[in-house]
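Dear colleague,

Please find below the structure I am handing over to you, followed by an account of what was found in it.

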Amino acid sequence: MEHKTLYMETLRHYCPELPLREVEAIESGQNNDVLLVNAEWIFRFPKYAEGIERLRYEVRLLNTVKGRVSIPVPAPAKWHLQSDRLGSVFVGYPRIPGEPLLDGQWGKLESAGVSMVRGIARQLAAFLNELHSVPADALGESGPEYDGYREWSDLFERIRVKLYPHMNREAQRWTERHFASFLGHGANFRITPVLVHGDFGGSNILYDPERREISGILDFGSSGPGDPAVDYAGLLASYGEPFLRHMIELDPDMEGLLERVKFYQGTFALQEALFGLENDDPEAFRDGIEAYR
């Protein structure tokens, strides 16, 4: 990690009570660099200037959400948010034990039988129901507003202008059809916004293999008012439609979200490529654009 030394200097200055016995740079997200300190603390530092205000918002959101959900979420305990200088702004919270529920762990879980998968579905369905029950305006006027049509039409325009030069014609035509069918259907925007996680995929879902249960939900940096279908789209992308069907068994009302769920899931790679292009992140751009060359 390029700025690890700077981040350690910041922690020594603002958290002098915390000995830095062992500091490990762990995999960064799109918006933050992450340090594991003494195997006990997670510290997140924004990578981009626009991420500073998002981190401030995230701290307020986590303090609002943590008492309302049944699965542990990060509990901010150390922070410095008053600066506008990258490298000096951070938030820290006690590490939540568990491993990301990605391909390896998910494969083991699936092989353990359908009852195990249904148990995970029950946990995640309960969590999303709790999160989506938090009023979208719970943080007051300081939170972002939601305008679904503007958000997705703006995304489509940015994709056309910035990504189309890197995409083959067949991929461009598929993207045109994908967005046109969604944007042209007014019912997709006649929804009541709820508080969504915004990046509800396997990398942010922690699993305890000994207790065989979800142990935590991470990274609320994309959270805010939105369409609840976005969070189910993250699960579809990570675990496939059979898993989503288990969740529909628990909540039949989800069936009515499926078309929007599939639309959102179909935009994820494009969003990653666009993020990489707009934020000078070549790896994110390559990962997202690969299927569209």
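Tyrosine 149 is partly exposed in this predicted model, since its relative accessible area is 43%. Phenylalanine 189 is likewise classed as partly exposed, at 22% relative accessibility. The structure contains 21 aromatic pairs. In the pair formed by tyrosine 149 and phenylalanine 189, the ring centres are 5.3 Å apart and the planes stand at 85°, so the arrangement is edge-to-face. Tyrosine 149 belongs to helix H5 (residues 148-163), while phenylalanine 189 is in the loop between helix H6 (169-183) and strand E7 (194-196); the pair therefore ties together parts that are 40 residues apart in sequence.

A further edge-to-face pair joins phenylalanine 182 and tyrosine 264, with centres 5.6 Å apart and planes at 70°. This pair links distant parts of the chain, namely helix H6 and helix H9 (residues 258-265), its two members being 82 residues apart. Phenylalanine 182 is buried, with a relative accessible area of 4%, and tyrosine 264 is buried at 1%. These four residues belong to one aromatic cluster, which also includes Trp152, Phe156, Phe179 and Phe263. Over the ring of phenylalanine 156 sits the charged end of arginine 160, 5.2 Å from the ring centre.

As regards nonpolar packing, the largest core has 62 residues; Leu124, Phe127, Ile217, Leu235, Phe243 and Met247 have the most contacts inside it. Helix H4 (residues 114-132) contributes the most to this core, with 9 residues. Another core, of 13 residues, lies apart from it and includes Leu20, Val37, Phe43 and Phe90.

Yours sincerely

Definitions and conventions
Residues numbered from 1 in each chain as written. Predicted model: local features only at pLDDT ≥ 70, side-chain atom pairs only at ≥ 80, totals over all residues. Heavy atoms only, no water. Core = buried A, V, L, I, M, F, W, Y, C linked by side-chain atoms within 4.5 Å. Buried < 20%, exposed > 50% of the residue type's maximum accessible area, 1.4 Å probe, protein only. Helix = DSSP H or I, 4+ residues; strand = E, 2+ residues; numbered from the N terminus. Phe/Tyr/Trp six-rings, centres within 6.5 Å; stacked < 30°, edge-to-face > 60°. Lys NZ or Arg CZ within 6 Å of the ring centre and 35° of its normal.
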